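Here is a short briefing on domains, strands and helices. Please keep the structure open while reading.

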Amino acid sequence: MTKLLLGRYLPGDSWVHRLDPRTKLMASFYYIGIIFLANNWQSYLLMFVATMVMVALSKIKLGFFLRGVRPMIWLILFTVALQIFFTKGGTVYWSWGWLAITQYGLTNGAFIFMRFVLIIFVSTLLTLTTQPLSLADAVESLLKPLRRIGVPVTELALVLQIALRFVPTLMDQTTKIMNAQRARGVDFGSGNLFQQMKAVVPLLIPLFVDSFGIAEDLATAMDARGYQGGDGRTKFRILQYHQPDIVAGLAMVLLTVGLVFLRA
Amino acid sequence: MALIDIEHLNFAYPDQTKPALRDVSLQVNAGEWVAIIGHNGSGKSTLAKNINGLLAPASGQVTVAGLPLTEANVWAIREKVGIVFQNPDNQFVGATVQDDVAFGLENRAVPRPEMVTRVHDALAQVNMLDFATREPARLSGGQKQRVAIAGIIAQRPEIIILDEATSMLDPAGRAEVLTLIQQLRAQTNMTVLSITHDVDEAASADRVVLLNDGEIVESGTPAEIFTHGEELLALGLDVPYPERLKAALRRAGATMPKDYLDEEGLVNYLWTLHSTM
């Protein structure tokens with residue numbers, strides 16, 4: 001379970017790893033935005049090449065990215081199928097009642113498939129090369145302007161940071177409680193769905209109670225160490241843009257120009 | 001004037017009729033190591049929380065480094081008093097070792113360049129520099145408590161309170177933390193108040209205060225306190241093994257020294273006793 005949540009990050013020292021997390025976060029969102037500009041083979045080819053360059057720069061094996069596509073594959077195929085069967089226009093290759101496979105349908109289906117895969121690749125690239133903690137820092141830094149309209153950004157960031165920090169602790173706790181309940185005869189992971197759900201109750205309740213205990217202890221410790229809310233604190237971890245971040249930004253601009261030039 | 005001055009302190013938890021602390025008066029001088037011992041529920045931890053304002057006394061006066069504990073002074077006092085709590089996991093705020101050490105400094109708005117050197121120095125003092133970027137999940141209990149101590153010495157407090165800080169550690173971790181405290185005291189002459197039911201921890205203190213049902217029963221050097229073996233046992237406390245052995249030998253007719261000896265001291269005493277016979 002730990003792998004599921006935190007194991008996505010692959011430690012490394014590639015060009016992509018060293019980018020500022022804010023750059024990566026913004027670039028990923030920007031990329032997902034501009035991919036909707038692509039509307040013909042040439043523009044999709046450009047996006048494909050650009051994505052492959054990013055993947056190559058991360059020095060992470062392609063297999064990790066393909067694994068990112070797998071959980072989404074049914075959603076992708078369903079959407080592609082809708083496109084293929086319901087887009088009308090061009091040469092009709094096959095038809096049955098109101099269903100028809102047309103030329104436009106096929107190209108649209110292929111484009112949608114491409115768009116999905118590229119978006120997944122880019123978001124996978126973000127999570128594989130950026131630690132969750134750095135992402136939290138990036139979100140805090142980027143949302144800072146919202147403080148002016150009263151959003152408690154620093155507090156939320158601290159909550160997020162503490163949540164990330166306590167994931168392994170709670171995992172340990174879960175294992176401990178599971179073992180303790182097993183010793184008392186609870187059978188996890190067997191029986192029908194209803195029985196399995198019932199087995200989770202003696203796990204969840206102690207975990208829930210424990211979490212409150214931990215929260216109370218933690219709050220006391222934070223109080224004792226002088227925590228008085230988010231205002232007026234200095235920060236130990238700082239984010240700094242470097243030259244590669246400028247390069248990455250320029251690359252995004254060039255990609256946009258290329259797309260606008262190539263699209264139909 | 002004493003660094004910590006507690007006068008006639010009374011405290012009761014809101015949901016309990018019996019007071020947790022009754023007329024407690026205690027003075028701790030600068031540079032002193034005072035151990036507060038007592039069985040579970042004797043009010044030890046409550047006393048610690050009354051010193052830095054985590055709990056507010058019902059009556060009586062607490063003064064820390066000349067500052068009376070009031071609503072206005074509470075943050076200034078917390079700056080002078082660092083507490084290491086019992087559970088190593090539940091006081092680890094930062095995502096990594098260095099982030100956790102920096103947490104208290106961030107709260108006090110210490111400028112970042114100074115923060116970096118203070119974090120580095122504190123980690124060096126507790127010998128955890130190699131672990132600076134580690135996550136807490138990959139540390140042992142003893143290491144986590146060392147990080148907690150680093151987080152406190154980075155704030156440069158005048159007093160460090162160990163609130164049963166070693167009670168959840170294995171014997172190796174306990175020894176690790178105690179040795180560290182002894183080293184730190186040798187280097188910085190820090191004032192230590194340790195709340196414990198570990199007799200070895202109490203034995204390394206300058207003074208031991210015995211608390212029972214919220215009242216101070218006795219106060220004295222470890223030697224004075226531990227020679228009253230039976231009384232301690234009656235209060236539900238353990239007596240250090242060398243003391244129990246001494247009492248047994250005394251009953252068997254051997255002459256034993258009056259002051260407290262640790263295990264090594266007793267071994268030395270015993271073999272020299274034998275060789276002089």
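The C-alpha centres of domain 1 and domain 2 of chain A lie 36 Å apart. This is a predicted model, in which local features need pLDDT of at least 70, side-chain atom pairs count only at pLDDT 80 or more, and totals for chains, interfaces and linings use all residues. Residues are numbered from 1 along each chain as its sequence is written, chains are lettered from A and ligands numbered from 1 in the order written, and side-chain values use heavy atoms, with hydrogens and water left out.

**Domains**
- Chain A is divided into domain 1 (9-135 + 240-262) and domain 2 (153-224); domain bounds come from an automatic or database domain assignment.
- Chain B has domain 1 (4-239) and domain 2 (240-277).
- In chain B, 32 Å separate the two domain centres, taken over C-alpha atoms.

**Hairpin in chain A**
- Strand S1(A) (residues 92-96) and strand S2(A) (residues 99-102) run antiparallel and are joined by four bridges. Strands (E, at least two residues) and helices (H or I, at least four) are DSSP runs, numbered from the N terminus. Two strands pair if DSSP finds at least two bridges between them.
- A:Trp96 stands opposite A:Leu99 in S2(A).
- The hairpin has two residues between its strands, and A:Gly97 in the turn has a positive phi of about 60°.
- Of the five residues of S1(A), zero are buried, so S1(A) lies largely in the open. Buried means under 20% relative accessible area (1.4 Å probe, protein chains only), exposed over 50%, partly exposed in between.

**Helix pair in chain A**
- H8(A) (residues 132-143) and H9(A) (residues 153-183) pack at about 175°, with axes 9 Å apart. Axes are lines fitted to C-alpha atoms, for helices over the stretch in contact, and angles run from 0 to 180 degrees between N-to-C directions.
- The two helices, H8(A) and H9(A), are therefore roughly antiparallel (an angle over 145 degrees).
- Residues in contact (heavy atoms within 4.5 Å) include A:Leu133 and A:Ala136 from H8(A), and A:Ala157 and A:Leu160 from H9(A).

**Sheet in chain B**
- Four strands form an open sheet in the order S2-S1-S4-S5, with antiparallel pairing.
- S2(B) (21-28) and S5(B) (67-68) are at the edges with a single partner strand each, so one side of each has no neighbour in the sheet.
- Helix H1(B) (residues 44-51) packs on the sheet and touches S1(B) (4-11), S2(B) and S4(B); the direction of H1(B) makes about 120° with that of S1(B).
- Two bridges join S4(B) (residues 59-64) to S5(B), and B:Thr63 stands opposite B:Pro68.

Technical notes: Angles under 35 degrees count as roughly parallel, over 145 as roughly antiparallel, 65 to 115 as roughly perpendicular and the rest as oblique.
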